[in-house]
Amino acid sequence: MSAADLAGAKPLSGERAGALLRNIITRSGVIVTLLMLWEVAARLGWINTFLFPAPSNIAATIWTQSGPDGSPPYAMPMHVLRSMIRLLAGIALAVVIGTVLGVLIGMTRWARMLFQPLISIFMPVPTLAWTPVLLLLTGIDDRTTIIVVFIAAVFEVIYTIVAGIEMMNVKLFWVARSMGASRLQIFFRVIIPAIFPYLITGMRLGTGYAWRALIAAEMLAASSFGLGFMIYDASEYMSTNVIYAGIILIAVLGYLLENVLIGRLEAATTEKWGIQSER
Amino acid sequence: MSADLAKVLPMNARSKPKIVAKGIQKSFGNVLAMEDVTLSIQEREFVAIIGPSGCGKSTFLYLIAGFEKPSGGELTINGNAITGPGPDRGVVFQEFVLFPWLTVLRNITLGLDIQGVKREEAEARALKWIRLTGLSGFENAYPSTLSGGMKQRVAIARALTYDPEVLLLDEPFGALDVQTKNYMIRDLQDLWQEANRTIVMITHSVSEAVHMADRVVVLSSRPSRVIADVRIDVPHPRDRRNPTMHRYEDEITAILSAEVDKAMSLERQIR
């Protein structure tokens, strides 16, 4: 019976992969068509090429700025790398602190009383509003942008973790406790895996918010590198090519972060465990 | 009721009382769920507890497991008061409650793993119960890929592997279809012989109770008390067609229906 179940699962996921592929082709078809129209319009002089430089021009800028002839050399990868480091550091902080706070709020009355009002007050504040304060506190420094990322992501992580704890079957704790598990063992071996699907959702949403907040914060609080800084700097020199290059890179990287990186994590864990289908 | 108890105690001379409940009360807020449950379960005895739905049979099991605390009365295991859950009592739930992120093997070894038993030894001990519960070949499967009957086998193997003195079964066949259920009942009987444990099983099926247990305890509707305590004097393995078993089934069904009727008419009066 279950062998048949196992066999039945294979063609289904193949079908799903096929549908996904068709979906990707249709979607990228829309983008490719738009880019081609833009290219033609720019070349024929239908649109102002200062405001809307041709995509081929933007691509050429990305190419030169990625090589030794960029100003400074290898500028583009340096900007991307710096933004990524800030993002990942901030997300890592948000995941660790957000998980601990979320579990405390979900499981203890005192943490709920203490943190719930603070979170309700601070969650609606746009992350960027903190930047001036953080600048005064830490100076123009990676710490400012990392903290901005942290603030942008942590609320989502806390919220989804609390939801995950509330959805948890209390009998999972019971089973673990009747096996003689300590509090620490229950935290790492029951709570963390049980809330993992929620943590991934929180990370996905948090990464989206954090990526936008980071680019904006880099315009205010970065001194040399980062995609936000690159765009801000290019606007001083009116290099629209570089500005568009920045926008495209932000879009592509944001897409890859949310869908590929976190999608991989999802496939390796909750999809393998078949948790969605069991709920 | 106390006469029933007196009748039961000396009969089981081969063993000593394992679990003793004296005047257990349990209330949830203003609702009194359990009025006075007094019961003694002997070592290696298989006791089935049956009663109208909502009578608090599962609550009684959770009290023995230590998940809930009684509001009054005395509850002991081996003469010591029960203060919380512990590895001396293994629990199997109707809804299996497996850890979906662990494979069958890791679900089953988790208890030993938590207790710090070495991985090879834990696996060796798990494999014995995997074989006996018919799970061989599914060690590396995740629970979501298993059928209900298989999941219940994993839950039973998981509880038996860390070697509890008492096995607590909370309507273990409730979520299974009839065919699977009949298989599982036969298997559990063999396992009981093999495991040689004290078993307390909650059920709402009279035939299940009579078929498997040494004793069937009937609880009243809420607030619950013990209203009957019937020893099933038929040697194992039991045959469903044995007429003595049918007499036991009829006897217990009669007690239970009378209690259900009483509960229903009371409910109507209140409305």
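This is a predicted model: local features need pLDDT of at least 70, side-chain atom pairs count only at pLDDT 80 or more; totals for chains, interfaces and linings use all residues.
Me: Why are H2(A) and H3(A) called roughly perpendicular?
Reply: Helix H2 (residues 55-66) and helix H3 (residues 75-107) of chain A pack at an angle of about 85 degrees, and their axes are 5 Å apart. Angles of 65 to 115 degrees count as roughly perpendicular, so H2(A) is described in that way relative to H3(A).

Me: What makes the contact between H2(A) and H3(A)?
Reply: H2(A) contributes Ile62(A), Gln65(A) and Ser66(A), while H3(A) contributes Ala75(A), Met76(A) and Pro77(A). By class, the residues of this contact are four nonpolar, two polar and no charged.

Me: How is chain A divided into domains?
Reply: Domain 1 of chain A covers 1-47 and domain 2 covers 65-278. Their C-alpha centres lie 27 Å apart.

Me: What makes E4(B) and E5(B) a pair, and what do they form?
Reply: E4(B) and strand E5 (residues 80-81) of chain B are linked by two bridges in the antiparallel sense, and at least two are needed, so they count as paired. Ile77(B) has Asn80(B) as its bridge partner in E5(B). The two strands form a hairpin with two residues between them, and Asn78(B) in the turn has a positive phi of about 55 degrees.

Methods:
Residues are numbered from 1 along each chain as its sequence is written. Chains are lettered from A and ligands numbered from 1 in the order in which they are written. Axes are lines fitted to C-alpha atoms, for helices over the stretch in contact, and angles run from 0 to 180 degrees between N-to-C directions. Helices (H or I, at least four residues) and strands (E, at least two) are DSSP runs, numbered from the N terminus. Angles under 35 degrees count as roughly parallel, over 145 as roughly antiparallel, 65 to 115 as roughly perpendicular and the rest as oblique. Two residues are in contact if their C-beta atoms, placed from the backbone, lie within 7 Å. Ala, Val, Leu, Ile, Met, Phe, Trp, Tyr, Cys and Pro count as nonpolar, Asp, Glu, Lys and Arg as charged, and the others, Gly among them, as polar. Domain bounds come from an automatic or database domain assignment.
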